[in-house]
Amino acid sequence: MKQSKRLIMILLTGLWAGIAQAGGDVVVSDAWIREAPPGASALAGYITLHNKGDKARTLVGASSPAFGNAMLHRTVMEDGMAKMVHQMKIAIPAGGKLTFKPNDYHIMLMKPKHTLKAGDKVEVTLEFKNGESLTVTHVVRAGKGGTGNMKSMDHGSMNHGDM
């Protein structure tokens, strides 16, 4: 009986640790990455962040073992041309939600380590200003949408300000 209680306590402790590391009040839904042609140097990841807490939360970074680099970006239109602007931080309002979607906020996933196909799953870790992190499984989806053509984007004018 003592061994059973001990096993239950160990399991509950492990479960609690997983919850504590899950970004606190932030819950993520609809995590996906747009499939790109073989040889593409960058892909875009999308998510919806729900802040269930009573304080704003700030997303400050992302990483993934499937990519050489990941950055937070936002697509903006300037003089009729779509430009990607690097975001040093993105606020998620208390009790609110923020959706990363084509032609808006996205996670720019650069230097893929292998070609991803529709149906593949990729882990992306979101990093918050308070030091917490949340690892989210993204599903790769087929299809275009958004700008559809990364060549039309101006990658050279990234503003590294605190937008």
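Modeller: Begin with strands. Two strands pair if DSSP finds at least two bridges between them. Strands (E, at least two residues) and helices (H or I, at least four) are DSSP runs, numbered from the N terminus. The model is predicted: local features need pLDDT of at least 70, side-chain atom pairs count only at pLDDT 80 or more, and totals for chains, interfaces and linings use all residues.

Colleague: How many helices and strands does the protein have?

Modeller: There is 1 helix, and there are 10 strands. Read from the N terminus, the order is α-β-β-β-β-β-β-β-β-β-β.

Colleague: In which sense do strand 4 and strand 5 pair?

Modeller: They are antiparallel, with 6 bridges. Look at V76: its bridge partner in strand 5 is K83. The hairpin of strand 4 and strand 5 has 2 residues between the strands, and D79 there takes a positive phi near 55°.

Colleague: What does strand 1 pair with?

Modeller: Strand 2 is one partner, antiparallel over 6 bridges. Find V27 and you will see H50 of strand 2 opposite. Strand 10 is another partner, running parallel to strand 1 and joined by 3 bridges. There, I33 has V140 as its bridge partner.

Colleague: Next, burial. How much of the protein is buried?

Modeller: Take the cut-offs before the count. Buried means under 20% relative accessible area, exposed over 50%, and partly exposed in between, using a 1.4 Å probe and protein chains only. By that rule, 37% of the 163 residues are buried. Strand 5 (residues 81–86) is a clear case: 5 of its 6 residues are buried, so the rest of the structure largely encloses it.

Colleague: Which residues touch the most other members in the largest nonpolar core?

Modeller: A nonpolar core is a set of buried Ala, Val, Leu, Ile, Met, Phe, Trp, Tyr and Cys residues joined through side-chain atoms within 4.5 Å. The largest one here has 28 residues, and L49, L59, F67, F100, I107, V122 and L126 touch the most other members. Several strands each supply at least two residues, including strand 1 (26–34), strand 2 (42–51) and strand 6 (90–92). Strand 9 gives the most to this core, with 4 residues. Apart from this core lies another, of 8 residues, with W32, Y46, M84 and M108 among them.

Colleague: What is L49 in contact with?

Modeller: Contact means heavy atoms within 4.5 Å. Leave aside the neighbours of L49 within four places in sequence; its contacts then include V26, L59, I92, F100 and L126. For the protein as a whole, take contacts between residues at least 6 apart in sequence: 70% of them join residues at least 24 apart.

Colleague: How many aromatic pairs are there?

Modeller: The rule covers rings of Phe, Tyr and Trp (its six-membered ring), with centres within 6.5 Å; planes under 30 degrees apart count as stacked, over 60 as edge-to-face, the rest as tilted. The structure holds 2 such pairs. In one, W32 and Y46 have ring centres 4.5 Å apart and planes at 35°, so the pair is tilted. W32 sits in strand 1 and Y46 in strand 2, so the pair ties together parts 14 residues apart in sequence. Both W32 and Y46 are buried.

Colleague: And the charges? How many salt bridges are there?

Modeller: Side chains of opposite charge can pair when their charged atoms come close. A salt bridge needs a side-chain nitrogen of Lys or Arg within 4 Å of a carboxyl oxygen of Asp or Glu. This structure holds 4. One joins R57 to E132, with the closest N and O atoms 2.8 Å apart. The partners lie 75 residues apart: R57 in strand 3 (residues 57–63), E132 in the loop between strand 9 (121–128) and strand 10 (133–141). R57 is buried at 9%, whereas E132 is partly exposed at 25%.

Colleague: Where does R57 lie relative to F128?

Modeller: A charge sits over a ring if NZ of Lys or CZ of Arg is within 6 Å of the ring centre and within 35 degrees of the ring normal. R57 lies over the face of F128, at 4.9 Å from the ring centre.

Colleague: Which residue does D104 meet in a salt bridge?

Modeller: R74, with the closest N and O atoms 2.9 Å apart. D104 is in the loop between strand 7 (97–99) and strand 8 (105–112), and R74 is in strand 4 (residues 67–78), 30 residues away in the chain.

Colleague: In the salt bridge of E78 and K83, what is the distance from N to O?

Modeller: It is 3.0 Å. E78 is partly exposed at 40%, and K83 is buried at 14%.

Notes. Residues numbered from 1 in each chain as written. Heavy atoms only, no water.
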